[in-house]
Structures are given as structure tokens and as C-alpha cells.
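Subject: Structure handover

Hello,

Here is the structure for your files. Please open it alongside this email.

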Amino acid sequence: MSDAAVVCGLGGALPETVVSNDELAATLDTSDEWIRTRTGIERRHVIKPGEATSDLAVEAGRRALESARAQDGTAPDDIDLVVLATSTPDHPCPATAPLVAERLGLGGVAAFDISAVCTGFVYALAAAASMLSAGTARRALVIGADTFSTILDPCDRTTRAIFGDGAGAVVLRTGHAGEPGELLGFDLGSDGAGAEMITVRAGGSRQRSTGLAAPDGDQWFSMQGRAVFTEAVLNMSKSAQALIGRVGWAGEGPDRVVAHQANVRILRAVGDQLGLSAEQIVVNLDRVGNTVAGSIPLALADAVATGGLRPGHRVLLTGFGGGLTWGSTALIWPELATVPTHIHA
Ligand code: COA
């Protein structure tokens with residue numbers, strides 16, 4: 001039995017509708033200038049009424065499967081596990097992953113959701129890689145997908161400026177230690193004392209959904225922006241440094257960091273903490289905003305498409321999000337037959 005989990009496919013999906021900063025400023029007390037300078041975001045994609053997270057997850061999954069098929073002949077029948085990271089599932093119950101598996105024609109496989117907000121994709125990679133290493137599965141489709149436009153307060157200029165909808169996915173296969181694409185290790189952590197910093201208060205077992213409107217807008221997503229900013233820089237930097245030590249990159253460091261895309265000032269601060277140049281920090285939030293669990297795989301797909309990420313690069317992935325949660329992993333980027341990110345019409 002092999003003990004390595006290797007990335008062999010990558011895909012992304014964005015909804016068709018694009019909302020510019022100027023369009024937001026038409027109905028909210030904000031401006032293109034404020035959003036660009038404070039966050040680096042220029043536009044984001046949002047789903048249409050009637051669309052849901054699974055629609056984006058299916059498209060990203062389809063793209064990742066196409067990429068894996070072109071790479072090494074992976075067929076849908078070879079997939080025996082689907083792990084979906086999302087905090088905006090189609091329904092509170094059941095999980096969305098079984099539906100996504102069925103719509104991709106993978107019916108019958110093990111499928112479950114992971115809820116770790118913006119760190120969800122790294123947690124999902126860790127769960128799937130562990131199951132591959134343990135021999136529980138041989139090929140996994142790992143998806144990060146979120147549609148935060150469905151849970152944002154329409155009147156909240158702070159959150160509406162930041163978040164966008166999107167999904168990204170990778171295919172993992174079992175392989176051999178030392179192969180390009182091998183996930184080299186994980187650093188994962190949480191701090192529940194910070195749970196209030198990023199939350200949707202109503203709709204769970206603590207503050208139940210009664211069919212009546214929740215008080216004080218508790219049905220909406222809320223975030224303590226400044227505190228989250230500080231925690232994001234601190235925990236992504238610490239987690240990345242811990243992982244760099246663990247995988248033996250302390251000398252040369254990573255060539256590229258693909259960090260959760262929340263705010264370009266957070267990315268620059270993490271780059272500074274790690275002693276990296278601007279070119280080494282992948283940025284695509286200007287075009288997509290913060291897509292939560294979709295963020296890291298969409299940034300990977302974008303960096304591959306634009307040539308910023310190339311085979312042989314030492315790549316470090318790091319995320320931070322609600323919970324609070326954080327996590328990092330690393331790999332030598334493999335030759336991948338990627339297909340352009342799908343715009344979901
Ligand atoms: N347009 C105009 N003004 C805005 C605004 C917007 N879209 N959003 C916030 N402001 C205002 C605030 O209301 C505040 O006004 P006040 O001084 O009159 O009270 C002022 O700008 C400064 O607010 P502050 O929160 O200190 O701004 P900031 O520079 O920290 O930027 C965030 C706000 C949200 C962009 C920033 O804190 C951030 O990116 N935080 C992390 C978010 C994140 O990563 N979330 C995902 C979790 S992984």
C-alpha cells in the first residue's frame with residue numbers, strides 16, 4: 001500500500017454574473033476607491049437566484065476530473081471518495097457532497113462535507129489525503145465551494161465588498177513518496193474562543209430557525225473585520241512557518257505561496273512575515289474576491305493559467321477562517337493538464 005496522496009487534477013468554476021465595485025457603490029455607502037485600496041478587490045462573481053453551491057461544485061469537480069483524465073487517464077469510475085468543503089451547503093441537512101457525487105455520475109462513493117469556512121479546502125485535503133494514506137480510498141475528488149452571496153446582509157457594505165461566489169477542486173490519487181504533486185504534510189489548528197468573530201448566529205441548534213425572521217439580522221453572516229485581519233496574518237504566518245519547518249524547506253523556502261484570498265493587505269503582510277517577494281505571493285482576489293472554501297483551489301487554477309505557478313515550484317498553501325481555523329500544506333507543483341476555469345452560465 002502506498003502512503004502518498006498526489007494531486008493529479010485541478011479545476012475551477014465561477015458564476016456568470018460579475019458585480020463590479022461601482023455596481024456595489026450604486027446601492028451601498030462605499031466606493032470603488034475604498035474597496036480597491038483597503039482590500040485589493042475590483043470585482044466578484046455571484047450566483048443567480050435559483051442557483052446553489054452544488055451547481056458550482058459540480059462544474060469545478062467536472063473540470064478537475066477532465067484535468068485528471070488528460071493527465072493520467074483517470075476515469076469517473078476510479079473516484080471512490082468526494083470531500084466537499086463548504087459553509088453554504090445547499091441545505092442544512094443532508095450534506096451536499098452526496099448530491100454532487102451523484103450529479104457527476106460518481107454515485108455510490110463515500111461523500112461528506114467539511115465545515116471549516118475559509119480553511120475548509122485545506123481541512124478537506126487533509127481528510128482526503130489521510131483516507132488515501134490509510135487505504136480507505138484510492139482516488140478522491142476534493143472540492144471547495146461557497147456562495148456567500150446567499151448569506152450576506154444586503155445592507156452590510158463591509159462583507160458585501162469582500163465576498164464572492166466560486167468553487168475549485170482537485171483530484172488526489174495514491175502515489176509514491178517523492179513524486180511531484182505529493183502533499184508533503186499538514187499543519188492544522190483552531191481556536192473556538194474566536195468563534196464570534198466570523199459567524200451566522202441563527203439557524204443552528206443554539207439559535208433555532210423558527211420560520212420567523214431572526215432578531216437583529218442574526219440570519220446574516222457577520223464578521224469583526226479588523227480583529228479577523230490581525231488573526232489571519234498571525235495564524236497563516238505561524239502555520240506556514242510551522243509547515244515549512246516540518247517539510248524541510250527552512251533553507252530555501254517556498255517558491256510560491258497560495259494563501260486564502262481575503263484581502264491583498266493580508267497577503268502582503270503574510271509575505272513579509274515569510275520573507276517573500278510580491279511575485280511569490282499568488283493573488284487573484286482582485287477578480288474574484290473572497291470565495292471562502294473555493295478560494296485556494298481557484299487561486300491555484302488562476303496561477304497555473306497565467307503562468308505564475310509552474311511545474312517544479314515549491315508551493316505552500318495556507319488558509320485561515322471562521323472557527324477560528326487555520327491550516328497549511330505543501331507540494332512540489334506537478335505537470336498538470338489544467339483546463340480554464342469554467343464560467344457557469
Ligand atoms: N466602504 C466604505 N467604508 C467601509 C467599508 C466599505 N466597503 N467597509 C468598512 N468601512 C468603514 C468602516 O465602517 C469604518 O468606518 P468608521 O471609521 O466610520 O467606523 C472604516 O471603514 C474603517 O473600518 P475598519 O474595519 O477599521 O477597516 P479596515 O481597514 O480594517 O478594512 C476590512 C475592513 C473588512 C476590509 C478588513 O478589516 C479586512 O479585510 N478584514 C479581514 C476580512 C477577512 O479576511 N474575512 C474573511 C475571513 S477569512
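My notes on the chain and one of its strands follow.

This is a predicted model: local features need pLDDT of at least 70, side-chain atom pairs count only at pLDDT 80 or more, and totals for chains, interfaces and linings use all residues. Residues are numbered from 1 along each chain as its sequence is written, and side-chain values use heavy atoms, leaving out hydrogens and water.

Overall shape. The radius of gyration (over C-alpha atoms) is 19 Å. That agrees with a compact globule of 345 residues, which would come near 20 Å (rule: 2.2 Å times the number of residues to the power 0.38). The C-alpha atoms fill a box of roughly 55 × 45 × 35 Å along the principal axes.

Fold. The protein chain has ten helices and 14 strands (DSSP runs: H or I of at least four residues, E of at least two, numbered from the N terminus). Of the 345 residues, 56% are buried (under 20% relative accessible area, 1.4 Å probe, protein chains only).

Strand β7. This strand covers residues 166-175, and ten of its ten residues are buried. Both faces are covered. One side holds Gly166, Gly168, Val170, Leu172 and Thr174; the other holds Ala167, Ala169, Val171, Arg173 and Gly175.

Its partners. Strands pair if DSSP finds at least two bridges between them. β1 (residues 4-15) runs antiparallel to β7, with nine bridges. There, Val7 stands opposite Leu172. β6 (residues 139-146) also runs antiparallel to β7, with eight bridges. Here Val142 has Val170 as its bridge partner.

Best regards

Note on methods:
Buried < 20%, exposed > 50% of the residue type's maximum accessible area, 1.4 Å probe, protein only.
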